[in-house]
Amino acid sequence: MVRRGAITLALLLAAGWGMAQQKKAAGARDLLAGIPSGRTRVVDLSYAINDKLVPWPGDTRWFEAKDNATVEKNGYFTRSFWMLEHYGTHMDAPIHFPPGKTPVDKIPVEHLFGPAVVIDVRAEAAKDADYRLTVERVERWEKVHGQIPPDAIVLLRTGWASRWPDVKRYRNQDAAGVMHSPGFSVEAVRVLLERKVIGLGIDTMSADPGSSKDFPVHTLALGSGVYHLENLADLSALPEAGAFLMVAPIKLEGGSGGPCRVFAILPNE
Ligand SMILES: [Zn+2]
């Protein structure tokens, strides 16, 4: 009886797991199918690139575009452009910080798609520009929405996008030149790595808080093969759970990262 009970339990669990997987697949499929009709909303989380965005302090040159062919001269229009890999909305590939190894073109394509876990810390960041995501805040998200699923991309919604592209307010530097913006903490990222997330994203310039000198989150997350999305555009349209992300970085061979298009798809309710 005991054994039969155990087998029944195992079967029930397996059926439940299978149904959950099916539901998840159907959810993503339904979301994609709903795009043309407008049942599904697509939110573009990337900023348009020009020479007036917020560069990292110390960078003296960040973006240039020049006409290559003009309609007047050539009958068609093309440009050439030059830019930093880490400018505007961009991906940090693991190779950006040792011991990370993978360049942007070698990130497995399966890791560019995943459910978005949105942790809203706008209230905390409004009170404290140096706010770091706590383990307690991650656990609070999980109490409401369940455990963070493997292959999730965790977005920290700090509200900093409302300062973009005002260089002064976005960098928020003090008299000594130290930036103050919220970020992830090493302790919280350890928990996220245990959950097997594939990416971290933030609406500030850096996954580490702006005041960080040694970038421990970069070392830990990129070193563990998890990429970062930085300078994400306004995240306010996203639910805390239920959106799906499509991440499309430039396929630059050997790149430390690069400009990235990020789309969130979510039910249009
Ligand atoms: Zn970066």
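A nonpolar core is taken here as a set of buried Ala, Val, Leu, Ile, Met, Phe, Trp, Tyr and Cys residues joined through C-beta atoms within 7 Å, a residue being buried if 20 or more other C-beta atoms, placed from the backbone, lie within 10 Å of its own. The model is predicted, with local features requiring pLDDT of at least 70 and side-chain atom pairs counted only at pLDDT 80 or more, whereas totals for chains, interfaces and linings use all residues. Residues are numbered from 1 along each chain as its sequence is written.

The largest nonpolar core comprises 48 residues, and those with the most contacts inside it are Ala116, Ile153, Val154, Leu155, Phe184, Val197 and Ala221. Among the elements that give two or more residues to this core are β5 (113-120), β6 (153-157), β7 (199-202), α7 (216-223) and β8 (227-230), where helices (H or I, at least four residues) and strands (E, at least two) are DSSP runs numbered from the N terminus. Ala116 touches, among others, Ile153, Leu155 and Leu245 (C-beta atoms within 7 Å).

Strand β7 is covered on both faces, with Gly199 and Gly201 buried on one side and Leu200 and Ile202 buried on the other. In a regular strand the side chains alternate between the two faces of the sheet. Pairing, which requires at least two DSSP bridges, is parallel between β6 and β7 over four bridges, and Leu156 stands opposite Ile202 in β7; β7 and β8 also pair in the parallel sense, over three bridges, with Leu200 opposite His228 in β8.

In α7, the residues Val217, His218, Leu220, Ala221 and Leu222 are buried, and the buried residues of this helix pack against β4 (90-92), α6, β7 and β8.

Note on methods. A residue is buried if 20 or more other C-beta atoms lie within 10 Å of its own, exposed if 12 or fewer, and partly exposed in between; C-beta atoms are placed from the backbone. Two residues are in contact if their C-beta atoms, placed from the backbone, lie within 7 Å. Lists of a residue's contacts leave out its neighbours within four places in sequence.
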